[in-house]
Amino acid sequence: MTTVTTVTVRVPAKVNLQLAVGPLRDDGFHDLANVFHAVSLFDEVVAEPADDLTLRVEGDSIDGVPTGEDNLAVRAARLLAERLGVPARAALTIRKSIPVAGGMAGGSADAAAALVACARLWGAETDLHPLAARLGSDVPFALLGGTAVGTGRGEVLTPVTVSGRFHWVFALADGGLSTPAVYAECDRLRELRGERPGPPQASPGLLAALAAGDAEALGAELANDLEPAALSLRPSLRDTLEAGRALGALGALVSGSGPTCAFLADSADRAESLAAALTEAGVARSVVTAHGPVPGATVL
């Protein structure tokens, strides 16, 4: 293997255009039909030679991001080193712009970027997807990017045809929501209502809207089975969603397990005006715009 001096990898956030959640499995996971869409909010992971494995995290609103062995990027580097049979030696720096604990898979994105960066740093060529799947359900998609349907627990990916570009507004909330807590609340609410979900499936209407580049049709198809649970745990998100719809969003939903709320607009200009209106309404900690789809983890 050959080595290089410094590797920088850019990796995108994701929004779930559809998150269909099946029944609880014996292994504690749920079967999913998860339509991932990579958007232009990025973290960067830098890997440099070192005598040990270290991590530094930079950026705004990074309170609560672990910097030790429980950080998913550190776990990714160690898993790759074990797979390659090499010492885990790298100084990792994460430059965060993806919301922390916001339902946009920032931690998973960092893990994917760490796999790519360390593989390049250590001069290795290996299939990273199986390692990504071991790290978490969202990590493989951060490698792939674009738009894809994730099945199983989300790690089995099928790319989706998309025409054109879609424009998004993301309303960021104070604090985070625990993904396991949101899934547990989803199960609790279903039990309370006597619901027995069947096998989850991606919506044909949503896939057709993506293929046609039809933002209005896509907005009508956005769906998240975890949204009722997120609203139960964080009722204030209902006001955020209602504000975005009232201000003209084509569609609105909680992103993943929340608490970020995503709004679809029909153009970049409309996204900017919607973001300004949401900011003025005071229904979010901050508001950002983005577009998608964009590529997955990429060496700069």
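What follows covers a cavity and then some strand pairing.

A quick word on ground rules: this is a predicted model, so to speak, with local features needing pLDDT of at least 70, side-chain atom pairs counting only at pLDDT 80 or more, and totals for chains, interfaces and linings using all residues. Residues are numbered from 1 along each chain as its sequence is written, and side-chain values use heavy atoms, with hydrogens and water left out.

Searching the whole structure turns up 1 cavity of 30 Å³ or more. A cavity here is a set of points, on a 1 Å grid over the protein atoms alone, where a 1.4 Å probe fits but cannot get out, and lining residues have an atom within 4 Å of a point. The volume, meaning the space filled by probe spheres set on the points, is about 40 Å³ for the largest cavity. Its lining includes Pro 12, Lys 14, Asp 138 and Phe 141. Strand β1 (7-24) and helix α4 (139-144) each give at least two lining residues, and β1 has the largest share, with 3; helices (H or I, at least four residues) and strands (E, at least two) are DSSP runs, numbered from the N terminus.

Now look at β5 (residues 147-151), where 4 of 5 residues are buried, that is, under 20% relative accessible area with a 1.4 Å probe, protein chains only. β5 runs antiparallel to β2 (residues 30-48), joined by 4 bridges; two strands pair if DSSP finds at least two bridges between them. Phe 36 sits opposite Ala 148 in β5. β5 also pairs antiparallel with β6 (residues 156-159) over 4 bridges, and Thr 151 has Val 156 in β6 as its bridge partner.

Note on methods. On a 1 Å grid over the protein atoms alone, a cavity is a set of points where a 1.4 Å probe fits but cannot get out, and a pocket is an open set with protein on both sides within 12 Å along at least five of seven lines; lining residues have an atom within 4 Å of a point. Buried means under 20% relative accessible area, exposed over 50%, partly exposed in between (1.4 Å probe, protein chains only).
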